[in-house]
Amino acid sequence: MTAEITIKASETGAIRVFALSMTDAEAAALKDDAASIATALGVEVDATHVEVFPVSDLEGIGLSGYLTEGNAIPPEELTPDRPKLDRLGGWVMIVFSRAFQGRAVTLSPIPTLTLIGTYGMPAVDWRATEVVSSEAAKPFTAPPSTVKKRPSDAAMSGRVATVVLILLGLFTWAIIWIAG
């Protein structure tokens, strides 16, 4: 039995591989049934980001090849589990982080699901760990002598329009003077 698995809301890029200890018919029933997948994992997931298939479908590249070549998992990350992955038979379930839709969840897999491993990039926590309080980090702290004020776009548009009107007026006056 697989213990509960906690997924952080910030998780991205991780892939979990589960071995399915069930009959072909039971495993095949999971393949296209979102409700059965949710029941098997113990939590609602987006089933479009879950793959259920027999390992025999990967003839020629194997499960470790599928993870490295098909899902861009670095080969060195699989090194500790490669023998286990290459010996797996029967059916597997691959659960991508996107299946959790950015939510923090706790998986409670049914006993016939065995977590083989979690692969991919660990989640990065982008929250600040300390507050920067130096004077230079505060807004508007540049000395006034270094701040150059430039006119706004509206002011520049007004100036351009004024020049155009003056030129148009001069052009009109010149035509009237020449014709007159």
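Please note that the model on display is predicted.

Next, select helix H3 itself, residues 62-71. Is this helix enclosed or open? Buried means under 20% relative accessible area. Of the 10 residues of H3, 7 are buried, so the helix is largely enclosed by the rest of the structure. Highlight these buried residues: Leu-63, Ser-64, Gly-65, Tyr-66, Leu-67, Thr-68 and Asn-71. What covers them? The cover includes E2, E3 and E4, together with helix H4 (75-78), helix H5 (82-87) and strand E6 (113-120).

Now turn to the largest nonpolar core, which has 23 residues. Select Leu-20, Leu-41, Met-93 and Leu-107, the members that touch the most others in this core. At least two core residues come from each of the following: strands E1 (5-7), E2 (14-20), E3 (50-54), E4 (91-96) and E5 (105-107), and helices H1 (24-31) and H2 (34-41).

Stay with Leu-20 and display its surroundings. Leaving aside residues up to four places away in sequence, Leu-20 touches Ala-27, Leu-30, Val-52, Trp-91, Val-92, Met-93, Thr-112 and Leu-113.

Finally, move to the surface and select Val-163, Ile-166, Leu-167 and Leu-170, which form a nonpolar patch. Together they have about 390 Å² of accessible area. Leu-170 lies in helix H6, residues 153-179.

How values were computed: Residues numbered from 1 in each chain as written. Predicted model: local features only at pLDDT ≥ 70, side-chain atom pairs only at ≥ 80, totals over all residues. Heavy atoms only, no water. Core = buried A, V, L, I, M, F, W, Y, C linked by side-chain atoms within 4.5 Å. Buried < 20%, exposed > 50% of the residue type's maximum accessible area, 1.4 Å probe, protein only. Helix = DSSP H or I, 4+ residues; strand = E, 2+ residues; numbered from the N terminus. Contact = heavy atoms within 4.5 Å. Patch = residues over 30% accessible without salt bridge, like charges linked within 9 Å, V, L, I, M, F, W, Y side chains within 5 Å. Areas by Shrake-Rupley, 256 points an atom, 1.4 Å probe, with all protein chains shown as cover. Salt bridge = Lys/Arg side-chain N within 4 Å of Asp/Glu carboxyl O.
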